[in-house]
Amino acid sequence: MKCAAYSWTMRLCIVFLIFGTRVVCHGKHEKRQIVSVCSVEQYQCSNGNCVDSILICDGHADCTDGSDETPKLCTNISCPSYLFRCKYGACVNQNSKCNGKNDCIDGSDESSSVCSGNNPSKPNSPTCQNENEYRCKSGQCIDSTSTCDGVRDCSDGSDETRTLCKDIQCPVYSFKCKYGGCVNGSSRCDNVIQCLDGSDEEKCYNSITTVKTPTKYTTRPTSISQTTQSNTKRRCVIPTVEGSKYSYNNSNENTILSPGSLVDENRIVEENCEEGYHKAVPYRFMICSGGNWTPLVSEKLCLKKCRPLTSDGLDMKCALDGKTVDCSIPSIPGTTLTPSCKVTHGIPNGGVESPVELLCLPNGEWRGALYTCTPNCGRPYIPNEALILHGKEANYGAAPWNVGIYRKNEQNTYEMICGGSLITTNLVVSAAHCFWNKDLTSKIILNSNSLYKIGVGKYNRDISVKDNDFTQIMDVGLIYLNEDFYGPPGLYANDIAIILLTKKVQLSNVVMPVCVDWFKRYTISNGAIGKIVGWGQTETGSASPKLLEALLPYIDQKACREMYSDAFKFFVTPDKFCAGSKLGQGVHSGDSGAGLTFVHGIGSSSLHYLTGITSVKDPTENEAIAVFTDVTHHITWISTIYKNFTYANDNKNRANNPV
């Protein structure tokens, strides 16, 4: 690959497990543990609790004592332009400002100084959060199906007014009250006031009306005695029972009978279950006899199924009556679920996994809770030998976080342009100059026409070669360039990019994220040895067809800058450091964006942390020293994007719709 002057870069990808609603399992409470020492990926609250480090200063108190959302902790955080900065320093989505609810813990996103003049037509956010709710004049929110039904659900009665209900079209089997509300047709002259204005009992010539508080039918036993001036007819009313539906027991009549429908004497009705419910018995029929249903059964026929439980970090086994069943579909009450950490994950803080069994209850809820298993990060699969320039081929699993980045050429085929590092199952860190051109109008690039793809678990440079069972070629959704990157005119400062994938990669021994030092706990001394892998040029000048790796000594920014007496020293900007030696191994053209990692920890706790991203190299020198973007310098920017996208339920939709 041809690189611009002073720019050869490698990409390294760090993968962290994500899951739908926060991280890994279900529920924020599962991420909190009271321990004496938190892991390197966690923040220790003032009360000793541990929460994921990327959750601090996000507007929401994840520590039970709120110590992750304090001015002392958050004041020095810098929010990107597309986020709103709370008064105490936290960063929240720009769309959260003046939306009627406090997204900043101090409420500063809804303060009068911020929202003055903003959306004047809705000064008090006069809508309910759920689109299926109705907002009373008092501000109370009720279910929209509870309006104009004869029952006062709003405390101020605004759900049962003539203004709201006069144009309502009532079903044929119901009675329309004077003010417009709809009640059961059987309510007319039944000695019980069902309309809020009592109009269902006006001009009745039967016995004296008894005024009773109207109630809603929620159980089956329902009958009706319909009285007129000339005759009396006993009929039954179809009840309202959660999960049940009713129809005539006649092959020629398949119409579903709505709750409140009237059924004539001696008609047989069959009860079945709505989707998502399980029948406790195979069949149930009832006959309308003398205005009552026979037989009268109190036990529910339709039991709500339990929702499928999913987790990126857990394997799950389900069983019912001693037989294995599918956990990915709604479970029948009585089903047991046994979780266990996937082989690519483990209990946080080196904890021991204990047996847990969940039970699906008749109310459709699981008894018990899943626990959290986090991805193993920064662990090479097998011992390997070092190489890139003057080196040998790397072994499978030498750097399971490594990513190859491909771009479509004029022949409509894909060729490798850079490297990267997986930091979570849908985010890759690389170099901004791999995607830069002077005509860019935005620092957020939409991957139009599938211009870019990435490969994980790759050993061979060729995208068409499937190296092993774990090789995956993934589509790119968005590419975020650092907003302060300006290419060669900007001396390649802030040369960092984050790639958002449309789908999560599947983790394995040879596809695994690299660790990130979110809290800047570690420092690196000059001469410390780091590892890098890539497909760049070898000493022969040709691009390597196979993945290579090298071991490089660290050189801090000050020492590196002093090594150069010519104009190249200006490319060693404050967010850079160097690595390599004049005669040893090093990176070369084609290694742009690749990640340089350093090991922190002792023994089995030794893990690789992403430290640098290959950025530029002096084109006038043949030596193996290169300049790297310091990941620690950009940790806040990385964390912001990480939090925005690692909790997405549908990553593809979010990837195709920039925030």
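Start with the whole chain in cartoon view: this predicted model has 6 helices and 40 strands. Of the 659 residues in the protein, 50% are buried. Among contacts with a separation of 6 or more, 59% join residues 24 or more positions apart.

**Stop 1: a five-stranded sheet**

Select β14, β13, β16, β18 and β19. These 5 strands form an open sheet, in the order β14-β13-β16-β18-β19, with antiparallel pairing. Which strands stand at the edges? They are β14 (256-257) and β19 (292-294); each has a single partner strand, so one side of each is left without a neighbour in the sheet. As background, strands of a sheet pair through backbone hydrogen bonds, either parallel or antiparallel.

Now walk across the sheet. Strand β13 (residues 244-248) pairs with β14 over 2 bridges, in the antiparallel sense. Click on Y246 and look across to L257, its bridge partner in β14. Further along, strand β16 (residues 268-273) is joined to β18 by 3 bridges, and here I268 stands opposite I287.

Stay on strand β18 (residues 285-289) and show its side chains. In a regular strand the side chains alternate between the two faces of the sheet.

From β18, move to β19: the two run antiparallel, with 3 bridges between them. C288 has W293 in β19 as its bridge partner. The two strands form a hairpin with 2 residues between them, and G290 in the turn has a positive phi of about 60°.

The charged end of R267 sits over the ring of Y248, 3.9 Å from the ring's centre.

**Stop 2: another open sheet**

Next, select β22, β21, β23, β25 and β26. They make an open sheet of 5 strands in the order β22-β21-β23-β25-β26, and the pairing is antiparallel. At its edges are β22 (323-325) and β26 (366-367), each with a single partner strand, so one side of each lacks a neighbour in the sheet. Inside the sheet, strand β23 (residues 336-341) and strand β25 (residues 358-360) pair over 2 bridges. Find T336 and you will see it opposite L359 in β25.

**Stop 3: the largest core**

Select I423, F435, I454, I479 and I499. These are the residues with the most contacts inside the largest nonpolar core, which has 69 residues. Elements that give two or more residues to this core include β29 (414-424), β33 (472-481), β39 (607-616) and α5 (635-645). Apart from it lies another core of 17 residues, among them L83, C86, C91 and V92.

Now zoom in on α5. How many of its residues are buried? The count is 10 of the 11, so α5 is largely enclosed by the rest of the structure. Its buried residues include W637, Y642, K643 and F645.

**Stop 4: aromatic rings**

Colour Phe, Tyr and Trp. A search of the whole structure finds 13 aromatic pairs. Select Y554 and F598: this pair is edge-to-face, 5.9 Å centre to centre with 85° between the planes. Y554 lies in strand β36 (residues 548-555) and F598 in strand β38 (residues 593-600), so the pair ties together parts that are 44 residues apart in sequence. Y554 is buried at a relative accessible area of 11%, and F598 is buried at 2%.

Then turn to F568 and F571, a stacked pair with 5.7 Å between centres and 20° between planes. Both are buried. Another ring to visit is that of Y486, where K443 lies over the face at 4.2 Å from the ring centre.

**Stop 5: a buried arginine**

Finish at R461, in the loop between β32 and β33. Is R461 buried or exposed? It is buried, because its relative accessible area is 18% and buried means under 20%. A polar atom of the R461 side chain lies 2.5 Å from the backbone oxygen of W535. Leaving aside neighbours within four places in sequence, R461 is in contact with Y406, M416, W535, A543, S544 and P545.

Terms used
Residues numbered from 1 in each chain as written. Predicted model: local features only at pLDDT ≥ 70, side-chain atom pairs only at ≥ 80, totals over all residues. Heavy atoms only, no water. Core = buried A, V, L, I, M, F, W, Y, C linked by side-chain atoms within 4.5 Å. Buried < 20%, exposed > 50% of the residue type's maximum accessible area, 1.4 Å probe, protein only. Helix = DSSP H or I, 4+ residues; strand = E, 2+ residues; numbered from the N terminus. Pairing = 2+ DSSP bridges. Phe/Tyr/Trp six-rings, centres within 6.5 Å; stacked < 30°, edge-to-face > 60°. Lys NZ or Arg CZ within 6 Å of the ring centre and 35° of its normal. Polar contact = N/O pair within 3.5 Å; in protein donor to acceptor, adjacent residues only side chain to side chain. Contact = heavy atoms within 4.5 Å.
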